[in-house]
Amino acid sequence: HRARTMVANAEPWLGDIARRVATEEPKAEDTDDEGDAAWEEKKATDDGAPWSGAIVRAVLDRCPEGALLHVASSMPIRDLDAFSGAPNRRIHVAANRGANGIDGLVATSLGEALVWPGPVVALVGDLALAHDLGGLAAARQLLDHRRDVSLTVVVIDNGGGAIFDALPIARHPTAHEPHFIARQRLDSARVARGLDVETQVVEGSRQAVSDALAKAVETPGLQL
């Protein structure tokens with residue numbers, strides 16, 4: 001076997017991309033018409049319960065200009081892509097990606113909140129929260145009595161999510177349920193309250209989710 005190594009200077013290519021991004025004006029086709037269309041289609045058939053796409057919209061509606069939204073891997077980032085539409089404000093979006101994208105989401109959001117000049121909202125699932133309870137405890141300790149920092153953790157508590165339900169493995173008669181469904185028995189709210197984190201549980205309509213977020217995002221410190 002022979003091994004070949006190719007060496008190239010990427011600087012001119014990357015510089016050209018940077019110049020184009022800096023000078024090009026947004027085009028009409030750059031707006032998220034697909035996200036708006038997906039939202040309208042789903043909204044026309046839902047019953048008002050706070051499904052994940054509606055929670056994404058509620059979060060975006062309540063993020064003020066300049067806020068930072070840290071979105072978890074798996075379904076949250078896909079729901080954001082599918083249903084976000086085009087908010088009329090500048091909202092910065094961050095995410096942890098890669099093989100270990102689920103780990104340390106709360107801790108990452110905490111670090112962002114400590115340096116970001118505006119509010120930070122973390123949109124995570126219950127499985128991602130369970131992977132970083134240590135980060136939640138650290139956030140509680142570091143943000144206690146901080147009036148200049150705002151971190152709101154929004155947990156979509158849906159039993160571990162259902163990302164594999166949309167993949168071919170969902171049709172497997174025996175492998176799907178025991179090996180690909182990460183159902184959680186963790187009571188996220190009880191754990192958070194045990195850490196003395198200010199916690200709201202919302203089980204009503206999309207409007208209830210939006211109202212709860214409006215209060216949380218405007219409150220300094222840590223909210224869940």
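Let's start at Asp196. Asp196 sits in the loop between helix 9, residues 188-194, and helix 10, residues 206-217. Keep in mind that this is a predicted model. What is the phi of Asp196? It is positive, about 65°, although Asp196 is not a glycine. Why point that out? Because most residues other than glycine have a negative phi. And is Asp196 buried or exposed? Its relative accessibility is 52%, and the cut-off for exposed is over 50%. So Asp196 counts as exposed.

There is another residue to look at here: Ser74. Ser74 also isn't a glycine, and its phi is positive, about 65°. Find Ser74 in the loop between strand 1, residues 68-71, and helix 4, residues 75-83. Ser74 has a relative accessibility of 31%, so it counts as partly exposed.

How many strands form it? Five, in an open sheet. Read the order as 2-1-3-4-5. The pairing is parallel. Now look at the edges. Strand 2, residues 92-94, stands at one edge and strand 5 at the other. Each has a single partner strand, so one side of each is left without a neighbour in the sheet. From one strand to the next, the twist averages 20°.

Let's zoom in on one pair. Strand 1 and strand 3, residues 120-125, run parallel, and four bridges join them. Which residue in strand 3 is the bridge partner of Leu68? It is Val120.

Next, back to helix 10. Which strands does helix 10 lie across? Strand 3, strand 4 and strand 5. Strand 4 covers residues 150-156, and helix 10 runs at about 155° to that strand.

Last stop: the second largest pocket. How do we look for a space like that? Rolling a probe the size of a water molecule over the atoms shows where empty space is left. How much space lies in the second largest pocket? About 230 Å³. The pocket is lined by 15 residues. Closest to its centre are Asp144, Glu198, Pro220, Leu222 and Gln223. Two elements, helix 7, residues 133-143, and strand 5, residues 221-223, each supply at least two residues of the lining.

Key
Residues are numbered from 1 along each chain as its sequence is written. This is a predicted model: local features need pLDDT of at least 70, side-chain atom pairs count only at pLDDT 80 or more; totals for chains, interfaces and linings use all residues. Side-chain values use heavy atoms; hydrogens and water are left out. Buried means under 20% relative accessible area, exposed over 50%, partly exposed in between (1.4 Å probe, protein chains only). On a 1 Å grid over the protein atoms alone, a cavity is a set of points where a 1.4 Å probe fits but cannot get out, and a pocket is an open set with protein on both sides within 12 Å along at least five of seven lines; lining residues have an atom within 4 Å of a point. Grid points are joined across faces, edges and corners, and a volume is the space filled by probe spheres set on the points. Two strands pair if DSSP finds at least two bridges between them. Axes are lines fitted to C-alpha atoms, for helices over the stretch in contact, and angles run from 0 to 180 degrees between N-to-C directions. Contact means heavy atoms within 4.5 Å.
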